[in-house]
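Okay, thanks everyone, let me get the model up on the screen. I'd like to talk about charged pairs today.

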Amino acid sequence: ISLTGLQVTPHLRPNAGFDFGAWRDLLRAGVADGAGRVLLANDSVFGPIGPLSPAIDRMRAQDLDAWGMVESREHGRHLQSWFIDFAAPALAAPAVARVFDQPFEAMGKREVVARGELALGAAMRAEGLRFAGVAASRRRANPMHYSWRSMLAAGVPFLKAELVRDNPWRIGWAHIWRREAERRGYPPERIDAALGASDGRRWTTPMPRLSASDRIHQLVVTEDRSSALAALLRL
């Protein structure tokens, strides 16, 4: 991929530590020095599916210390780390800075989530920072999986790649992502190609057979109630 003309400076580093490891190394390299705000993002989503500027304009107008696309209550109030915008003083707050100064390269994915994303939420609360998400879920389940349609409707213009590719939580309506993308003017063929479905083929999201109890559980924890109910009625 050519970066010529994009005013992008690449920083080569070992492929270790996941997103928090990369952010730690970039912060240590001083790339955020002098910035008024710093946006942290990773490649775990597809999009933007629809315009991105309305979400950015709405959140920056609130003068928050930090904001993200999704505010989750799963394992404690926090911002999902795949997209977080920090004011410089918030990023430099001692408890927040300590989160980023860890040996993430020695951690597995679950530990990075616990000591990175979840610990960051705890640090922001401990520092008394004002933060919010474009969309907020009150359910104790991952909203970008269990409530992905509600997140889109609330102004989060992204789909989790893991949902489309693997459907690890066996969401009973994950397969209709293509229709939702098309409704918002996003060519689903881009996702097909990114997932390796070449020669015009469509990517098929895994849809394991669900038991009645699985479908009832999804109905209870989701904010996509109509989709979950439709999946339940397909028994």
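So, aspartate 65: buried or exposed? It counts as buried, at 18% relative accessibility, because the cut-off for buried is under 20%. Keep in mind that this is a predicted model.

Aspartate 65 has a salt-bridge partner, arginine 130, with the closest N and O atoms 3.4 Å apart. Both residues sit in loops: arginine 130 between helix H5 and strand E6, aspartate 65 between H2 and strand E3. So the pair ties together parts that are 65 residues apart in sequence. Arginine 130, for its part, counts as partly exposed, at 42% relative accessibility.

Next pair. Arginine 60 forms a salt bridge with aspartate 85, and here the closest N and O atoms are 2.5 Å apart. That one links distant parts of the chain, with arginine 60 in helix H2 and aspartate 85 in strand E5, 25 residues apart. Aspartate 85 is buried, with a relative accessible area of 1%, while arginine 60 is partly exposed at 45%.

Then there's a helix-to-helix one. Arginine 149 and glutamate 180 meet through their side chains in a salt bridge, 2.6 Å from N to O. Arginine 149 is in helix H7 and glutamate 180 is in helix H9, so this pair ties together parts 31 residues apart in sequence. Glutamate 180 is buried too, with a relative accessible area of 2%.

And how many salt bridges does a search of the whole structure find? It finds 16. Some of the charged residues form a network: Arg13, Arg24, Asp25 and Glu105 are linked by salt bridges.

Note on methods
Residues are numbered from 1 along each chain as its sequence is written. This is a predicted model: local features need pLDDT of at least 70, side-chain atom pairs count only at pLDDT 80 or more; totals for chains, interfaces and linings use all residues. Side-chain values use heavy atoms; hydrogens and water are left out. A salt bridge is a side-chain nitrogen of Lys or Arg within 4 Å of a carboxyl oxygen of Asp or Glu. Helices (H or I, at least four residues) and strands (E, at least two) are DSSP runs, numbered from the N terminus. Buried means under 20% relative accessible area, exposed over 50%, partly exposed in between (1.4 Å probe, protein chains only).
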